[in-house]
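I opened the model and went through a handful of local features. My notes follow.

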Amino acid sequence: MTPAAGAVSGLLFSLAFPPLEWVALLPLAPVPWLVALSREEKRGLALVSGLSFGLAYWCASIPWIVYVVTNFGGQSGLMGLVSLALAALHLSQWPALVGWATVAAAPAGSPWRRLALFPVLWTASEHARANFY
């Protein structure tokens, strides 16, 4: 359940950014993932849910990589999809870490602590991502 919630949130989150820019989805997009994380007991599933969030978000947000690899790189469509998957997987490490840390840092019976901790961890991961890349 948690990985599916992560994927749904990732897809909703991607709709809030170009090209569609449905900004009204921004506060609603993380809700399925947050609810699932608040109930999750296993850190491994939380990590996978963050990975599914990231893969769904990044695959929907950077599909132009396929175009660039195939049209300017002269590669096959399969190589374009592999390039997209690898780039999305690389970028998905951050939400995966946030999912894992949210569940690892607060006990299973404290959903409010997890919900309070999530924005701090998300912001820290965004700061780290901005400085590492």
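I started at Glu 21, which sits in the loop between H1 and H2. Helices here are DSSP runs of H or I with at least four residues, strands are runs of E with at least two, and both are numbered from the N terminus. This is a predicted model: local features need pLDDT of at least 70, side-chain atom pairs count only at pLDDT 80 or more, and totals for chains, interfaces and linings use all residues. Numbering runs from 1 along each chain as its sequence is written, and side-chain values use heavy atoms, without hydrogens and water.

I checked the backbone of Glu 21. Its phi is positive, about 55°, although Glu 21 is not a glycine. Glu 21 is partly exposed because its relative accessibility is 48%; buried means under 20%, exposed over 50%, and partly exposed lies in between (1.4 Å probe, protein chains only).

In that loop, between helix H1 (2–15) and helix H2 (31–39), I also found Pro 19. A cis peptide bond links Pro 18 to Pro 19, with omega about 10°. I noted the background: most residues other than glycine have a negative phi, and most peptide bonds are trans.

Next I took Arg 114, in helix H7 (residues 111–132). A polar atom of the Arg 114 side chain lies 3.2 Å from the backbone oxygen of Ala 106. I listed contacts (heavy atoms within 4.5 Å). Beyond four places in sequence, Arg 114 touches residues including Leu 37, Arg 39, Glu 40, Thr 102 and Pro 107.

Then I moved to Leu 47 in helix H3 (residues 43–61). Leu 47 counts as partly exposed because its relative accessibility is 38%. I compared Leu 47 with Thr 123: they are 76 residues apart in sequence and 17 Å apart C-alpha to C-alpha.

Last, I looked at Met 79 in helix H5 (residues 77–91). Met 79 is partly exposed, at 37% relative accessible area. With Leu 78, Val 82, Leu 86 and Leu 89, Met 79 forms a nonpolar surface patch of about 470 Å² accessible area together.

Notes:
Polar contact = N/O pair within 3.5 Å; in protein donor to acceptor, adjacent residues only side chain to side chain. Patch = residues over 30% accessible without salt bridge, like charges linked within 9 Å, V, L, I, M, F, W, Y side chains within 5 Å. Areas by Shrake-Rupley, 256 points an atom, 1.4 Å probe, with all protein chains shown as cover. Salt bridge = Lys/Arg side-chain N within 4 Å of Asp/Glu carboxyl O.
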